[in-house]
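These are my notebook entries on a structure that I looked up. I set down each entry in the order in which I consulted it.

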Amino acid sequence: MKMKQRTMRTGVLYLIPAVLFVTLFSVIPFFWNFVLSFQKWDGFGQPEAAGLYNYLSVLQNPLSRRAFGNSILYAFSSTFGGVVLGLIFAVLILRLSQKEGSFFRLILYSPAMLPTAVVGIMFVFFFNPEMGLLNNFLRLVGLGGLQHVWLQEKGTAMACIIFVAIWKCAGSVMMLTFAALQGVPRSLYESSYLDGAGFLQQMRSIGFPLIRPMILLATINTLGAQFKSYDLIFTMTQGGPADLTTTVPIVMKKTAFIFGSFGSAAAMGVLFTIVVAVSILLIRRILRGESYEY
Amino acid sequence: MNTNRASLWIIRIVLILFVIMVIYPIFFVLLTSLKTTSEFYKNIWLLPKNPAWGNYAYAWNIAKIGDYFFTSVIIVSITVAATLILSAFAGYGLARLNVPAADTIVIVIFLLSMLPSESILMPSYLLISKLGFTGRYSSIIIPYISWGLPLSIYIYRNFFMTVPNEILEAARIDGCRETGIFLRIILPVVRPATVTNAIFIFLGWWGEMLWASVELSASQLKTLPLGITAFMQSSGTDWGPLCAASAIILVPVIVFFLFTQKYLVAGLTGGAVKG
């Protein structure tokens, strides 16, 4: 008993420094933001109570509505694309030898390691209308007619950004699902092979159901990460053309630091947190199912 | 697995195409960083005839990428070191030292690690200015440490849970002090966790822009990603120096990746599977 008490005291001591940091810069700001969202404040004078004014103004403002729509579109479509592509990578690599597979995994994972801001800049080069790789490639293969001013056109800007986001996030899905697929015992596939199932059928009826918990985890991790849209979009389009690709963090920064409306920006933060939480719960619900022991 | 040769080659070819799509944009940046602007306009695809190292000198000195590089190195190395130390102790306390309500704390920490930074951006900014940190290194470092801690504690805690209690008990019976046990016996066992965390923290903050752009907008201090975007906006068509600047931020990441990748798989899946 005495031992337990002594270790407890040590444990609490170990925990305190980290808890102080986290409280100061995550917990307190989180509640403060909540309080701010019910106040009218320009950052200098006295804050005034404002009730639901900030929430209503965020919900009625077309720009912030578009920002929410874009954030959701960006997060969901890049997550969907990343998970599908990551699973394809994992399944293809599963069929190769260990050594070959680890080479492909290393390369295909590498975009996940790059800083998002640099990825954004790299793809500004890629999509550049005159000297960019994409348009040059199209000219080279005689498809010059398909050239676009990719990041400045209404129809293509968001699609290009989502493409880059998928390019970046597929690798970590691959890593997680590949490890899970490798853990499925060969014997399970072999019996279905004897029953005449092809490779795709084996995956669909055995591989994927068995690793469903890992697919869920990878999807949720990716979705959580893809809601952070600032770095990529800011470097690629700054939210343009004409605010078409703007997302929540970009509008939030403007609302607070350019329009001086801290209360509305805080309300956006609260609403955004709710959107992220609901999205994650929704995905959990959709992908939930029986999990099997093997 | 049962695979015939033809389909094996189809798989290889498909994967190689994807590899090209992944590698080429990176390769293009490195290639272009060694071309003068006029050479770039004449030949986009091929290797540079004479490597134009001047681009690097220009980016490093004139565009001040060198200064930003050192700023980022200082910020990120202090952040990585401090986060690792704080989270290792906290994770160990939560996993093995009978902290009261440990399970609840772990859940709260997990939720905090999912918290979008948008929800704490403004108050953090106000807090920093109240504390008088605005424009100093600490205005970036202290929030980075705080925001990275939850995930890092969570990963450490999951790894510490896998260390058998017998090791701990044996060491205690031998009369080791708790801190000694932790530092000399337990910590070396969870090296994959330390490496994973170091990777995540380094990568997470090396390219971070949202907080840095909010906090340093009116400051002389600039981190590398801020410096490069500013450079990009001011020198739109100067491809060579711009690519050199991008390469300067990329090379540490690539080097870091090559040195740590063998730990990465274990760390990624180990921390994730045993959630």
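Which residues are buried in helix 9 of chain B? I found B:Glu178, B:Ile181 and B:Phe182. I count a residue as buried if 20 or more other C-beta atoms, placed from the backbone, lie within 10 Å of its own, as exposed if 12 or fewer do, and as partly exposed in between. These three cover an arc of only 95 degrees around the axis, so they lie on the same side of helix 9 of chain B; the arc is that of the directions from the helix axis to the C-beta atoms.

**Basis of the entries.** I note that this is a predicted model, in which local features need pLDDT of at least 70 and side-chain atom pairs count only at pLDDT 80 or more, while totals for chains, interfaces and linings use all residues. Residues are numbered from 1 along each chain as its sequence is written, and chains are lettered from A and ligands numbered from 1 in the order in which they are written.

**Helix 9 of chain B, continued.** I recorded B:Gly180, B:Arg184 and B:Pro188 as exposed residues on the face turned away from the buried side. The buried residues pack against helix 1 of chain A, and also against helix 4 (65-96) and helix 8 (165-173) of chain B. Contact here requires C-beta atoms, placed from the backbone, within 7 Å. Helices are DSSP runs (H or I, at least four residues) and strands likewise (E, at least two), numbered from the N terminus.

**Chain B as a whole.** I listed 13 helices and zero strands. Buried residues make up 44% of its 275 residues.

**Between the chains.** I found 70 residues from chain A and 70 residues from chain B in the contact. On the side of chain A, helix 1 (residues 2-36) gives the most, with 20 residues.

**The nonpolar core.** I looked up the largest core, which has 156 residues; among those with the most contacts inside it are A:Met268 and B:Ala245. Such a core is a set of buried Ala, Val, Leu, Ile, Met, Phe, Trp, Tyr and Cys residues joined through C-beta atoms within 7 Å. Helix 7 (residues 157-183) of chain A gives the most to this core, with 17 residues. A:Met268 touches residues including A:Val58, A:Ser64 and A:Val248, if residues up to four places away in sequence are not counted.

**Confidence.** I noted a mean pLDDT (the predictor's confidence in each residue, from 0 to 100) of 89 for chain A, with 98% of its residues at 70 or more.

Key
Two residues are in contact if their C-beta atoms, placed from the backbone, lie within 7 Å.
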